[in-house]
Amino acid sequence: MNPAQRAADLFRASFASAPAAIASAPGRVNLIGEHVDYHGGHVLPAATLERTAVAVGPGGGRLRAVSERAERLEADWPPAASGRWSDYPAGVGELMRKDAAVLADGLAVAVASDVPLAMGLSSSAALEVATAAAIAAWAGTPRSARDLAEIGWRAENEFVGMPCGLMDQIASALGSAGSALLLDCRSLEMHPVPVGVDLVLVDSGEPRALRDSRYGERRREGAEALALLRPEFPALLCLVDLPPARLGTILRRLPAPLDRRVKHVVNENQRTVLAARALESGDHAAFGTLVNASHNSLRDLYECSTPRLDAIVAAARALPRVLGARLVGAGWGGAVLVVAEPGAGGMVVDLLRADRALALPEVRLVRPGAGVRGEVS
């Protein structure tokens, strides 16, 4: 049974009525371009085949939330942040409440998902985008996919309190089957890029909680570096605008560790554009080399890897027909993305699953899927 059917059944069983609307959205995996989205750079995410479905309906003056994976929750309406999983649909509902008369009487949501948790597939963005689409359908006010992405992003930043960039929600809303999206996070210009390689996602088993991690610290470091550089570059809006040819000289003006952070951001932005070109031209070896360089930079310059992630990357790189490997999904635990030659992904999955030293909790093939859509119960 697909997530949409399960969400509809869960809604009926939990609230003794049929849902008013259902929508689903995919997770996403970012092929390259890590920690550059909030600096206005380029990223290369792909939506996944795995999806999260949200069924919505009247809440009887309350927020009522139920999920296959978590405890049932109930709270006042309008909602306040609680630090629980329901903050994601609640934040979307709060943002849409003024323009959606159907939300005057609260919100009931039922969630069913095939998107793995804590593997860097952005299950939160899938939940936000699907909730926004379901509420829009219920209210009879269709929104563009880009609008749905922005609603989800604002909910995560303003309500949940996670200062993320827009990449996750854009990928979940606008993903294209079989392709990644080369996305300029400042202009939001994007175009599909055929993937052409096999993608393997490896769960490290190390939990990753961005709200409790050093993610916010890295964002503050970037802002501090930007402020220090503006006297020399008054028109500088984003770190990715720094001239690469002068980067060596510029970095000498910054204290540690800001110099390392800026070097990663500028070079990772360039790597992402080159990686998209490599995929478009079918140069899979070059793409793998760039993926490897991305991890090395995240490990050494952005310092968001862990010994466990590094060990998985090293083991994957040693396997036959592997082109590259890197941490994915911000780091500090979570997952590793392994890029393999076309058709070799299944073999790589088997070899990694059989590695007793690593004892990996989950290894799976990931295939690019399509973005948000309405569902019929």
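## Cysteines

The sulfur of Cys 238 lies 9.8 Å from the closest cysteine sulfur, in Cys 185, which is too far for a bond; a disulfide here is a pair of cysteine sulfur atoms within 2.5 Å. The structure holds 0 disulfides.

Cys 238 counts as buried at 15% relative accessibility, and Cys 164 is buried at 6% (buried means under 20% relative accessible area, with a 1.4 Å probe and protein chains only).

## About the model

This is a predicted model, in which local features need pLDDT of at least 70 and side-chain atom pairs count only at pLDDT 80 or more, while totals for chains, interfaces and linings use all residues. Residues are numbered from 1 along each chain as its sequence is written, and side-chain values use heavy atoms, leaving out hydrogens and water.

## Nonpolar cores

The largest nonpolar core has 90 residues, and Leu 352 is one of those touching the most other members. (Such a core is a set of buried Ala, Val, Leu, Ile, Met, Phe, Trp, Tyr and Cys residues joined through side-chain atoms within 4.5 Å.) A second, separate core of 28 residues includes Val 197 and Leu 323.

## Two packed helices

Helix H2 (residues 87–96) packs with helix H4 (residues 145–160) at about 105°, their axes 8 Å apart. That makes H2 roughly perpendicular to H4, a label for angles of 65 to 115 degrees.

Conventions:
Axes fitted to C-alpha atoms, helices over the stretch in contact; angles between N-to-C directions. Helix = DSSP H or I, 4+ residues; strand = E, 2+ residues; numbered from the N terminus. Parallel < 35°, antiparallel > 145°, perpendicular 65-115°, else oblique. Buried < 20%, exposed > 50% of the residue type's maximum accessible area, 1.4 Å probe, protein only.
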